[in-house]
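Biologist: Could you walk me through how the chains pack against each other here? I'd like to start with the interfaces.

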Amino acid sequence: MIPLLHYVLFSSTLLLIGGYGVVRNRNAIVVLMSIEIMLTAANINFVAFAEFWHDMGGQVFALFVIAIAAAEVAIGLAILLSLYKQRDTIELDMLDLLRW
Amino acid sequence: MKRLFALGLLLVLLPAAAAETHTVEVSQSDDGSSYYFEPDVLQVAVGDIVRFEWGNGSHNIAQASDGEANSYVSGFYSGEPQVGGNWTLPAEYTETDGTLDYLCEPHALMGMRGSIIVGSGAAPIPEITLEFGEFPWLSYLLIIPLLGTMWCWGFRHHPEAPRVIALGTTLATLLLSITIFLKAGSSSGYRLMEEYVWSSQFGVSLLLGVDGLSAPMVLLTGILGPLTVLFAWEEQKRPALFFGLLLLLQTATLGVFVTLDYFVFYLFWEVVLIPMFFLVAIWGGPARRYAAYKFFIYTFTASLVMLVGFMALYFEAGANTFSMIEIAKQSGSFAPTFQKWVFAALFIGFAVKMPMVPFHTWLPDAHVEAPTAGSIVLAGIMLKLGLYGLMRAALAPLPLGAEYFVPVMVALAIVSIIYGAALSLAQTDLKKLVAYSSISHMGIALLGVATLTELGLAGAVYMMFAHGLLSPAMFMIAGVVLHQLGTRDIPKLGGLAQKQPYTATLFVAIFLGSLGLPGMATFVAELSVFVAFFQSHGYWLLLPIFGMVLTAGYHLWALQRSVFGPLSKEVNVEKVHEALWYEQWPLFTIVTLAVLFGVLPQILMSPITVACYDILRLMGGV
Amino acid sequence: MGLELLFPEFLLAAAALLLPGTYLLHRNARLCGQLAVATLAVALSATWVQWFGEGLVTPASYFGHLQIDVFSQLFKFAFLTIAFVTGIVSLAYLGELPHRPEFFTLLLTATLGMLIVASASDLLTLFIGLELAAFSSYALVAFQKRDDGSTEAGAKYLLIGSFSSALTLYGISLLYGLTGTLSIASLAAHNWNSDFSGALFVAILFITGGLGFKVAAVPFHAWAPDVYQGAPTPVTAFLAAGSKAMGFVALLRIFVVALGSMLIEWQLLLGIIAIVTMTVGNLAALRQQDIGRMLAYSSVAQAGYILAAFPAMTELALGGAIFHTLVHAVMKGGAFVIVAAVGIAGLGYGIDGYRGLAQRSQLLALTMTVCLLSLVGIPPFGGFFSKFWLFYGIFQAGMAGQQWLLWLVIAGVLNSALSLFYYLRVIRNIYTEDPQGEARPFGEHTRYPALAVLLLLILLIPLEYDYLLTLCRDAAASLL
């Protein structure tokens, strides 16, 4: 039995990694991936806490989040693709048509 | 006969015979560790006599504004600290219910205070009569110009129609306002009241009513309406919008004058800004955009401060109503500090509108750039809103705040009088001269209010009315001069009297009226204010009198340079002719009215005095 | 207990599924648009009937996930109205662009998401609703895929939006870990152990970050100007009016209901955010030349005013906040309808495009002026009333005890004065300048929404504010 604290530490580490990726990376795809990592961090929390409280709600939430993450990637890639078609780049630094 | 006399004597003496004498010991402990009045809280009946007897130490007795004050300001006073002896409280202080706080001046900080509770202890709330009318005169007064606005708008593709509609509407409003003025009469209290509940959960209602303070203002607004429209008769640029906005402005100002509810008062107060902004911004002179901007932002910011003050009043009164009458009744429970802060907030809102130095800088810009009709309304009505608001909304609920700010008001008023007059003296633009003279004249009115006496307040209202007639007339003159000569620069003018003798006569009459010639309305106002000010502040009166000398100076200088003297060579005077009919008639009307109200001041003075007395009664000063 | 109260949701879901099918069968894009608008109209009238016709006495709860009460009905009605007006304006704005059926499908799903948020009674439903609305709006923002600005705005909105929802999600997971429940009602009843206040504060920070993005509160506001400027204007109107209100609904549900007992933990945080938000928003708006960006920053400032009611936590203040949220939707939505109309007419999106608008169209000029003056809060327009009662509520709470709340009122009042500067610039252009350049005539489709907004702001709201405010107070009371 792994103590709850370990799960929480793990998920916060993942969140930090994801957050760092979002803040530091200039490539839109990598940013999108980092956001997925953050969602995973939340998912781990949900599952761990569900086990701790013996409550199914958290696990159901995790399942929904997985579905939501998939939808997010789909729509995200679609938008980034159309951006790439126009600009030939997905570097965020190049998005300066509107003042950032 | 003898019996009757005896009976009368008995009746007079009966209360005196029943009067009880109370004694208060004024003393200190032998080691000086405690200073006291014994008893420190004394309960007496109305008409009783209170005697103070000195024990140990040197003390005196001085009335305090409340239980925490540390010094004597006004009220009863036993004299310099004395050792031994006794002193009797003057009988007038125990004639009515109320609480009298007093202290010993040298030992106030050691807690040597006392209070005398006369009768029930609460100052009797003066009853103000409220009379609801059977016919909604005031609603019609507000609705008719508003309907006129829409009607003008409906005829926007017609170049001729809007001005006729506007003239008709303003004449109807004039008739209504005369009726209302007559119906308001000159007895105490509010008349023709109407109440339409707007929000019952917060106590907002469209509470309308007139008294001797608002009725003259309504009359003034009514008189200026048709004159303004006539003077703008030849307006070619978007006439429908122009006359529509003028009528909307009239609705809003009338709304401010007849409403007795803080919320609705604020509402109308702000609505005034919108048409005025557009009048300046669309029909103004070269720098109109800047002027309109400045005007709007100055007055809006100030009135937001005022709004916060209103909200504080509402919550502190706790009566769940915005009615000015109800909130004024609660004034006894407002703490002195609270009153000071709230009065300061309200005063800022009103002082910008008046405008008083140093909040005046928007006025010259707005006046110079505004079209003549805009200037007429600005000087004639809008400048009155500030002082009217001060008297209506700030004095009655905040008596202690008002008293505390008397020195500030006096100082600002005197500075405004002298500064305004001095700047007028330095102007060469006729319109700017008139604009600065407005600041000076409104300073006199504020001086009247600052005396907090019946005569002073009445003089201030009379000043508002007189200035409301004559200042627009001066702007009309500036308009005529600009129209005919293409310039308002006084040094370039000269000899107008030779070309237009009849018009020039009107000019002279108006200038003399404005500088305070006896027999014209302004004189009555200035005299009342100065007498009141002399009574309350003594020889400080010399300062405003000095301002008056400057006022006479610039009026006469401008008159002499522009109307008399040799014909100017700097401008083309060939085309100068008598003013047109629609310019002459308004001027003539104003001169007639100024003389009428100068010779028969009691027409206005009697309602005004009664209303001012009511205000002072509510403040507890009478 | 029947499901009829959920009829609008079912209807929108069904229509969102049927719309693409209809297009495949008929190949008639125009029909699809009209169908979507008709669906919204039916849903709107259904809500109206359920709400007023039968009267809503007791809250109805569905499976513990959805709860229909006064609050949710009020906002459902508002969201459907906003979507309906957006639909009408879009019909004209999109013209003959390709992919119109997709646009309207997305509009329906976004509205569905908002409806779910309005009646969510546990955090899972709330989150799903938020995401449904968010995903649809990402695509809507990026809809004009041939237009550089639109795509770029979409990409930015997507990246910042999903980042912030990841933060919210993490905050929710922490909240779940602390309490073991997702239901808002059980959270509200939870007996907080003070040992966890540190962890709770972290959870609150995450949730504030995520939802602050939705309402564009500083420091999570950076997306708003870009997206408002770049997105197709009807979508901007939809976001400014609807999405923002949805953010406030979520904030109200989480902070006021679920965490209401822990007021002390978040009160000061939200108070500071409110002051900073209104000040930064107004200062930034001062120097904007693009009308969309200016209105975006003004939107940021308005979010600050509304947030200021949260720390007060009284029925009156929250009722005022709800009222202002709804009136803000009308004013901002109305302003963007005019911006869309001016844009269609070929006058561009700069403030200079508004020169002489009064001489081109009296109605549009008047509506724009009234909307802007309303946003400042100048009487007698609708915005004054909502703003006044909002600050009134905060003022009352301040006088009743928490003195520091008075600073929120003072900051709000000063900010209102400040905001006058930039709104007046547009009004001045509209009335005092002469028109430059040629413009296409304004179509009928913008006239009617403009007229409706005008009537709302100068007649209905001022005259009936007492009734409307009572509704909003009832809604707030059903939260507390």
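Biologist: How much area do chain C and chain A bury between them?
Modeller: Chain C and chain A bury about 3,700 Å² between them, with 75% of it on carbon and sulfur atoms; buried area is the accessible area (1.4 Å probe) that two parts lose on being put together, summed over both. This is a predicted model, in which local features need pLDDT of at least 70 and side-chain atom pairs count only at pLDDT 80 or more, while totals for chains, interfaces and linings use all residues. Residues are numbered from 1 along each chain as its sequence is written, and side-chain values use heavy atoms, with hydrogens and water left out.

Biologist: And how many salt bridges between chain C and chain A?
Modeller: The count is two salt bridges, a salt bridge being a side-chain nitrogen of Lys or Arg within 4 Å of a carboxyl oxygen of Asp or Glu. Glu152(C) forms one with Arg87(A), where the closest N and O atoms are 2.7 Å apart.

Biologist: Which element gives the most to that side of chain C?
Modeller: H6(C) does, giving 25 residues to the side of chain C that touches chain A; helices are DSSP runs (H or I, at least four residues), numbered from the N terminus.

Biologist: Switching to chain B, what does chain C bury there?
Modeller: Chain C and chain B bury about 3,500 Å² between them, 78% of it on carbon and sulfur atoms.

Biologist: Which residues make the salt bridge there?
Modeller: Glu433(C) forms a salt bridge with Arg289(B), the closest N and O atoms being 3.5 Å apart, and the count between chain C and chain B is one.

Notes. Chains lettered and ligands numbered in written order. Helix = DSSP H or I, 4+ residues; strand = E, 2+ residues; numbered from the N terminus.
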